[in-house]
Amino acid sequence: MTNPATVPHRSATRTLPLVPLRDMVVFPRMMAPFVVGRASSIAALEAALLTTDKQIFLAAQRDPKIDEPAAGDIHDVGVVATVVQSLKLPNGHIKVMVEGVSRGVIRSFVASGGHKEVEVAAAEAKPLPGGAAELGPYMQKVLGVFEQYAKLSHQLAYEGLLASLTLDDPDVFADMLAGHLPASIATPEKQGLLETVNPLERLQKLQDLLEIEIEKINIDRRINNKVKKQMERAQKEYYLNEKIKAIHQELGRKDDRSDELEELRQKIDAAGMPKDVKEKAIAELKRLEAMPNVSAEATVSRNYIDWLVNVPWKKASRESKDIKNAEKVLNEDHYGLDKVKERILEFLAVRQLVTETKGSILCFAGPPGVGKTSLAKSIARSLNRKFVRLSLGGVRDEAEVRGHRRTYIGAFPGQIIQLMKKAGTVNPVFLLDEVDKMSMDFRGDPSAALLEVLDPEQNHAFVDHYLDVEYDLSKVMFIATANVIHPIPPALKDRMEIISLSGYTPNEKLAIAKQFLVPKQVKENGLTPEQARFDDSGIYGLVEKYTREAGVRNLEREIASVCRKIARKVVADDSGAAKEGITVTAENLPDFLGKPKHRPAKKGEKAEVGLSTGLAWTEAGGDVLHIETTLMRGKGNLVLTGQLGDVMQESARAALSYVRSRAEMYGADADFYEKKDIHVHIPEGAIPKDGPSAGITMATSILSAVTNIACRKDLAMTGEITLRGKVLPVGGIKEKLLAAYRAGITTIVLPRENEKDLDDLPEEIRNVLETHLVDDVDEVVRLALEGSPVATPPKPVTAETGTTPPATLAH
């Protein structure tokens, strides 16, 4: 309802027909045309036309969407108006012209036939204390604001309005201005003016509305001026560019931009793109032609087209299918590695029988320095393909593989597409180096992005985010390298053919050094083969005493160091003796490299109680572990030292539980664990150790300490133990046996299920080692303990002695 304070005085009422208005407010002294279409409104108008004064009451609806408003849907304050003209339209509606007479307030609704009638009281303002003279200056100010608005809007014929305005009556003055407010002002704002009967308050509201409209017009003008200036600048550039074109044509010169666009069109035609890719490139070229040459968007489009035309779509290397030549190349570059070479030759044989084959995805897994990366280069050379390498170590952003979308500033294709462009052919050998060193963060998982790249069923339609078109990677030969395969996600591992490259034997290292490393370093250090000669004993000395690795990387560094020392002697020797040649032997190695850096692992000097020898796998190859056990007076606590991991600690507990269950059968005190503490220690405590393969070694060491029987010094073992005494298979057999061979240990105990792994050993080492395959720990004990006890099931306690007979010793 209307605030009573707004309408301070109400006079006698009169009944008038009511016409509700939608989105429209009529003020007193305002001429307003509108069309009446609702049946009730037409009936009210016709009733008004039948009266002598032809007056109706006009009030605005609160919600213009309501077709049949009730009493509560209509504002209380409206205008008593006189119908000046009316015209019936062909559709039955009536067009009327009304003139506002005075404000009115609805007191009540009166029941009528087909239309609404209301009792209306006139809303009159109380006289102002100072009269109109007091508001004169303020009315002049509001008039100035209205005049300013009228000049800015260009929508009002304000000269005639100003002529009819007088400053004598503030009420009439305010209503006249309010009646000329623009349609952009909302109906609620106009209704607020209508409901304000105090002329001063109405003038203040009117001033506020006009100032807001003036500010809107000024903002629109500023925006339009900016747009106009930009359009003028663009038109100026276009005009000047067209003029330059015309001048070039008159002089017989070609336009650089036209030449560039034509060159791009020719490149698109010659690139051999698939149909959908070519259509996209042509569409992008058309967009580029329509852009100003200096716009930032033109640079983005030009770069995109450049990438599309420079990525290889059909150009391929002429692949060599000569198996004999490929075998020759592989043997020239690498010694050994028979499995890998055999796999490459199989690939070539298939290529000779089948024209179209899917790309192969190999993964070379092995310790550092065994030749994984150089082997991939040799494969590319043997196949006569281009070679590209992507290092994945530390990569943690999925966009490194798939690229960034073009919406980003500085967007670029991923490394896959970049390296394909570098290769220039659709069938390179693509090396994914250090695939096990990838990580992930909030930017995505690159290993997940590689799933599409390395899946032969999907990579024919690889989509880079930048190119946003399908690219065929099915002809690429992917080769991945990894030091260890357990960090590689299972889904990615499943898409690759894993080929393990284990460490080299000393004999293989000797052959590699003589065939590759020594000639290479002699040449790189400016020497001749006569000036620097390496004896076999010298190379063996480098392998055993100055390097400890599965590969040959450090061996090459040490050979390079020796060559530099020889080069210095050759240059500094005035007598010329050094120029005649220096031979490196095991005896003079310390003269070049100083004291040996490593103490070769050796077998024990003598058999000792509680000391057993195990074999371990490391990323640098195999190693020998000496496991020590001692018993102390205590309460059966198990102490483990030597920086053992969780799995190895569990193996130690399982070994102790097995020994406790079998102690009496081996003639030991069945309750030894109640009186003694057991301390198991593995030397080299600074090196972390973990894994289950030392289970039988720890069980043998503990049993040796419990039975007080020494372990053999020339025997080493590896295998996982169970509580039932079963020996389970383990991994890294080749590396472990090589470590035993280097340490001079010739008797090996292995799980029986690892028998298949013996085929990976070089024949010269397999012939030297005496290998025993076992199924349970009892067999291990018989082999490992000197004077090994024979496990005898305990007999019932006899009535005469109250004891069980001891186990017998098998000497």
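This is a predicted model: local features need pLDDT of at least 70, side-chain atom pairs count only at pLDDT 80 or more; totals for chains, interfaces and linings use all residues.
**Ground rules.** Residues are numbered from 1 along each chain as its sequence is written, and side-chain values use heavy atoms, without hydrogens and water. Local features need pLDDT of at least 70, side-chain atom pairs count only at pLDDT 80 or more, and totals for chains, interfaces and linings use all residues.

**Overall.** I looked up the secondary structure and found 26 helices and 26 strands (DSSP runs, H or I of at least four residues and E of at least two, numbered from the N terminus). Of the 811 residues, 46% count as buried (under 20% relative accessible area with a 1.4 Å probe, protein chains only; exposed is over 50%, partly exposed in between).

**Helix pair.** Next I turned to helix 23 (residues 695-707) and helix 26 (residues 777-784), which pack at about 60° with axes 10 Å apart.

**Rings.** My search of the whole structure gave five aromatic pairs (ring centres of Phe, Tyr or Trp, its six-membered ring, within 6.5 Å). In Phe672 and Tyr673 the ring centres are 5.7 Å apart and the planes lie at 85°, so I logged the pair as edge-to-face (over 60 degrees; under 30 is stacked, the rest tilted). Phe672 is buried at 5% relative accessibility, while Tyr673 is partly exposed at 22%.

Key:
Axes are lines fitted to C-alpha atoms, for helices over the stretch in contact, and angles run from 0 to 180 degrees between N-to-C directions.
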